[in-house]
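Subject: Handover of a structure

Hello,

Here is the structure I said I would pass on. My notes follow below it.

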Amino acid sequence: MQQLDMVWIVDDDKSIRWVLEKALQKSGIASQSFASAQEVLKLLPTALPQVLITDIRMPNMDGLELLKNIQLHYPDLPVIVMTAHSDLESAVSAFHGGAFEYLPKPFDVNDVVETVQRACIHSKQLQNNVTAPQETIEETPEIIGEAPAMQEVFRAIGRLARSHITVLINGESGTGKELVAKALHRHSPRAGQPFIALNMAAIPKDLMESELFGHEKGAFTGAQARRIGRFEQANNGTLFLDEIGDMPAELQTRLLRVLADNEFYPVGAHASVKVNVRIIAATHQNLETLVAQGRFREDLFHRLNVIRIHIPPLRERRQDIGLLMRHFLYQSAKELNTEIKSLKPEAEQFLSNLKWPGNVRQLENICRWLTVMASGREIHIEDLPPELTQPNQDISINNNQGNWEAAFNIWVKQQLAAGKIDIAKQASITMETLLIETALQHTHGRKHEAAILLGLGRNTLTRKLKDLNIKE
Ligand SMILES: Nc1ncnc2c1ncn2[C@@H]1O[C@H](COP(=O)(O)OP(=O)(O)OP(=O)(O)O)[C@@H](O)[C@H]1O
């Protein structure tokens, strides 16, 4: 067989093939394109490229099937999988299928070139190394996210899919830390075993130890029967320790010992219990800071911080808000057995600009509220709960990326609802005052310049300053 120093591109979309060919050519990498998986399989017995890049969604045979076939017959050939359907399942399926890398579309061509270069090096190093094919997982999407930061999270889950490694998840409350922990478990070799979650912030400190390690009958007042702890419940599975930063110092010491020995004594017990538990910890706090302040054990931190996954707050992945809302509106309608509501574009735009301090959980709750409360099938801005639309609320319009038309729209609606008259006059006074004051600030008080910038005559500006009572 001929071993070609070349990259093969498989995509039914001509323009993607063209973009990739050009990007590789520019970096001095030779490529050959194919419009279908079948064409590749036809040629493979006689020629073998250095690296193969394939799309997932293609008619007749999809990229994952091609990947499976290649893994079976040519396990040393690195395959880079691209997908427009950018969700967790395709990432995990790709990695399970043995993909070298997963690239969500739209991709940055520089990323593609860098990945291809890495794959070429890998391919050369791996010439005679055979790996077994893996099964693909077909499941419904579980974590929604097209934002690049979420794609990073999916990649991490995909890469960790075959391991038992300890993971530390960082992210604000409601960003989906537990969901990611569950996904890590479901895609791990422990998937058939228990997933046990325990939130350190939710249990009183003096009950934490027995909650984690269990207790013997009579170990303390109120311990009327023997009780197994979460560690034992999670045996052979995963223990998710949420808000690990809230764990008291003595318990941190105990946890560290259990992680080192895989063994512990339940409260009041004389015999130890052996366990095999994978730990996934999460926190919204900065553990490095807690370590620096002496509030978190440094050795425990290093034990937990083997792999870190950061989940960004919702305000840093605004492009996902519409997608998430549609998902939650659909879910709530199903739960409540009622019709699915849809968002009018201006309502979606308005919601996409909010700060969402409660992150995805808050968005989910709003969707439930709207499913019950919005009167029509379509959701307009005025259907939104008042806490979102009232100005000066913390959650209200984010000034950095604010949508002032939407805010103005709400203001007009509020004035009309309050039975106010002369609304246009009031609005134009406010608007002109704002325009002039801001322009004067910008020009450091120079009226002539401000008038030019605003497109007003100098005399007009002077008159407006007087009429609107603006201090110069
Ligand atoms: N990307 C997402 N796609 C779909 N649902 C999501 C996503 N992120 C979060 N959710 C949903 O939002 C809610 C909150 O998520 P989760 O409980 O995982 O957050 P958390 O970060 O663990 O919160 P906390 O720190 O407060 O415990 C859950 O109902 C979860 O299903």
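Pro106 sits in the loop that joins β7 (101–104) to α5 (109–125). Most peptide bonds are trans, and most residues other than glycine have a negative phi. Please bear in mind throughout that this is a predicted model.

Positive phi

Asn60 is not a glycine, yet has a positive phi of about 65°. It belongs to the loop between β5 (51–55) and α3 (63–73). Asn60 is classed as exposed because it has 9 C-beta neighbours inside 10 Å, and the cut-off for exposed is 12 or fewer.

Asn262 also has a positive phi without being a glycine, in this case about 55°. Its place is the loop between α10 and β11 (263–264). With 12 C-beta neighbours inside 10 Å, Asn262 counts as exposed too.

Ala260 belongs to helix α10 itself, which covers residues 249–261. Ala260 has 10 other C-beta atoms within 10 Å, so it is exposed. In sequence, Ala260 and Arg303 are 43 residues apart, while their C-alpha atoms are 9.1 Å apart in space.

Confidence

The mean pLDDT of the protein is 85, with 90% of its residues at 70 or more. Strand β1 (residues 2–3) has the lowest confidence, with a mean of 52, and strand β13 (residues 278–283) the highest, at 97. Over residues 393–402 the pLDDT is below 50, and in the model this stretch has 21 contacts beyond near neighbours in sequence. Residues 128–141 also stay under 50, and the model gives them 25 contacts beyond four places in sequence. I would read contacts in either stretch with those values in view. The model scores are ipTM 0.98 and pTM 0.67.

Overall make-up

The protein has 20 helices and 16 strands. Of its 472 residues, 33% are buried. Among contacts with a separation of 6 or more, 73% are between residues 24 or more positions apart.

Ligand surroundings

This part may be of use to you if you plan to look at the ligand. How many residues surround the ligand? There are 17, and the closest are Ser173, Gly176, Lys177, Glu178 and Val360. Helices α7 (177–186) and α15 (359–373) each contribute at least two residues to the shell. By class, the shell around the ligand consists of five nonpolar, seven polar and five charged residues. Domain 2 (163–312) and domain 3 (315–417) each provide at least three residues of this shell.

In soluble globular proteins, nonpolar side chains tend to be buried together. Here the largest nonpolar core has 75 residues, and Ile80 and Ile157 have the most contacts inside it. Helix α4 (residues 88–96) gives the most to this core, namely five residues. At least three residues of the core come from each of domain 1 (2–143) and domain 2 (163–312).

What does Ile80 touch, leaving aside neighbours within four places in sequence? Its contacts are Val51, Ile53, Ala99, Phe100, Glu101, Leu103, Thr115, Val116 and Ala119.

One more loop residue

Glu339 lies in the loop between α13 (321–336) and β15 (342–343). Is Glu339 buried or exposed? Glu339 is exposed, because 10 C-beta neighbours lie inside 10 Å and a residue with 12 or fewer is given that class. Apart from neighbours within four places in sequence, Glu339 is in contact with Ala333 and Arg377. Glu339 and Thr371 are 32 residues apart in sequence, and 8.2 Å apart from C-alpha to C-alpha.

That is what I have on this structure.

Regards

Note on methods:
Residues are numbered from 1 along each chain as its sequence is written. This is a predicted model: local features need pLDDT of at least 70, side-chain atom pairs count only at pLDDT 80 or more; totals for chains, interfaces and linings use all residues. pLDDT is the predictor's confidence in each residue, from 0 to 100. Helices (H or I, at least four residues) and strands (E, at least two) are DSSP runs, numbered from the N terminus. Two residues are in contact if their C-beta atoms, placed from the backbone, lie within 7 Å. A residue is near a molecule or strand if its C-beta atom, placed from the backbone, lies within 6 Å of it. Ala, Val, Leu, Ile, Met, Phe, Trp, Tyr, Cys and Pro count as nonpolar, Asp, Glu, Lys and Arg as charged, and the others, Gly among them, as polar. Domain bounds come from an automatic or database domain assignment. A nonpolar core is a set of buried Ala, Val, Leu, Ile, Met, Phe, Trp, Tyr and Cys residues joined through C-beta atoms within 7 Å. A residue is buried if 20 or more other C-beta atoms lie within 10 Å of its own, exposed if 12 or fewer, and partly exposed in between; C-beta atoms are placed from the backbone.
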